[in-house]
Amino acid sequence: MAKILFIKSTPVQDELSRSTQIARIFLERVMELNPSDEVIEMDLFNMEVPFVDMDVLNAKTKLRTMTFDDLTENEKSKIKVFDQFTQQFMNADKYIIVSPLWNLGFPPVLKAYFDAVCWAGKTFRYTPHGAVGLLENKLGIHIHGCGGKYSTGGAYSDPYVRGVMNFMGVEMLPTIFVEGIDENPDQSEQILASAKEKALDMAESFKLA
Ligand SMILES: Cc1cc2nc3c(=O)[nH]c(=O)nc-3n(C[C@H](O)[C@H](O)[C@H](O)COP(=O)(O)O)c2cc1C
């Protein structure tokens, strides 16, 4: 049994978000193929995803050499929330990250989420030869909705999502782009059908070795 985190990062309702529609088809197929998998859904726009601030930075620095009791009350309460997010991320085995392209990036709440779970000593560590991911045997996929066509480059969103997940040690399957509908609305049916086919195909590979 694998634990799946289904991480949604759009304020748009499911029926109107193309990437979410495709992600739901992907998830449904994954569950058919792996019925004992467990899914935890995170709707980042409807959660309080914390931002890193000076209390959080101070808490992380102090915790390298001191104990939790040495933190201020503010540092304690804030770092506890970061710890919950990070533990949940570390406890998962597979990740489905669903995002829209916004101004060549993705919505800031997803960046805040990555900032919450990227934690030196927990999800990655520094070495003299560069940072290494501490997560092992974990698999992810990014399902990305774009108004134009960006699967061959030109936006920062997908390279970042893949990069940061790899940075923590998570292997990523090829991204499923649901792209080009805003540029070519007359092709929306074909674009969605092709993304659906990719999702059904890729679901077969969404399992741990
Ligand atoms: C705030 C905002 C910024 C956007 N920026 C871009 C962009 O830079 N490039 C682009 O091709 N589409 C852009 N779009 C269009 C969305 O990427 C497109 O509608 C996509 O389908 C959204 O994903 P979703 O349908 O999966 O929610 C933007 C949309 C919004 C609301």
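Alanine 195 is buried, because 25 other C-beta atoms lie within 10 Å and 20 or more count as buried. This is a predicted model. Alanine 195 is found in helix 6, which covers residues 188–203. The points below go from this residue to the core, the ligand shell and the whole chain.

**Around alanine 195**
- Beyond its neighbours within four places in sequence, alanine 195 is in contact with Ile22, Ile176 and Val178.
- Glutamate 179 is 16 residues away from alanine 195 in sequence. In space, the two are 8.7 Å apart, C-alpha to C-alpha.

**The nonpolar core**
- The largest nonpolar core has 42 residues.
- The residues with the most contacts inside this core are Ile7, Ile22, Phe26, Ile96, Tyr113, Ile143 and Ile176.
- Tyrosine 113 is in contact with Ile7, Leu44 and Val49, leaving aside its neighbours within four places in sequence.
- In soluble globular proteins, nonpolar side chains tend to be buried together.

**The shell around the ligand**
- There are 18 residues around the ligand. Ser19, Pro100, Gly145, Gly147 and Gly148 come nearest.
- Helix 1 and strand 6 each supply at least two residues of this shell.
- Helix 1 gives the most to the shell, with three residues.
- By type, the shell residues divide into eight nonpolar, eight polar and two charged.

**The whole chain**
- The protein chain has six helices and eight strands.
- Along the sequence, these elements follow the pattern β-α-β-α-α-β-α-β-β-β-α-β-β-α.
- The radius of gyration of the protein chain is 18 Å, close to the 17 Å that the globule rule gives for 209 residues, so the chain is as compact as a globular protein of that length.
- The C-alpha trace spans about 60 × 35 × 35 Å along its principal axes.
- Of the 209 residues in the protein chain, 33% are buried.
- Among contacts with a separation of 6 or more, 77% join residues 24 or more positions apart.

Notes. Residues are numbered from 1 along each chain as its sequence is written. This is a predicted model: local features need pLDDT of at least 70, side-chain atom pairs count only at pLDDT 80 or more; totals for chains, interfaces and linings use all residues. Helices (H or I, at least four residues) and strands (E, at least two) are DSSP runs, numbered from the N terminus. A residue is buried if 20 or more other C-beta atoms lie within 10 Å of its own, exposed if 12 or fewer, and partly exposed in between; C-beta atoms are placed from the backbone. Two residues are in contact if their C-beta atoms, placed from the backbone, lie within 7 Å. A nonpolar core is a set of buried Ala, Val, Leu, Ile, Met, Phe, Trp, Tyr and Cys residues joined through C-beta atoms within 7 Å. A residue is near a molecule or strand if its C-beta atom, placed from the backbone, lies within 6 Å of it. Ala, Val, Leu, Ile, Met, Phe, Trp, Tyr, Cys and Pro count as nonpolar, Asp, Glu, Lys and Arg as charged, and the others, Gly among them, as polar. The radius of gyration is taken over C-alpha atoms; the globule rule is 2.2 Å times the number of residues to the power 0.38.
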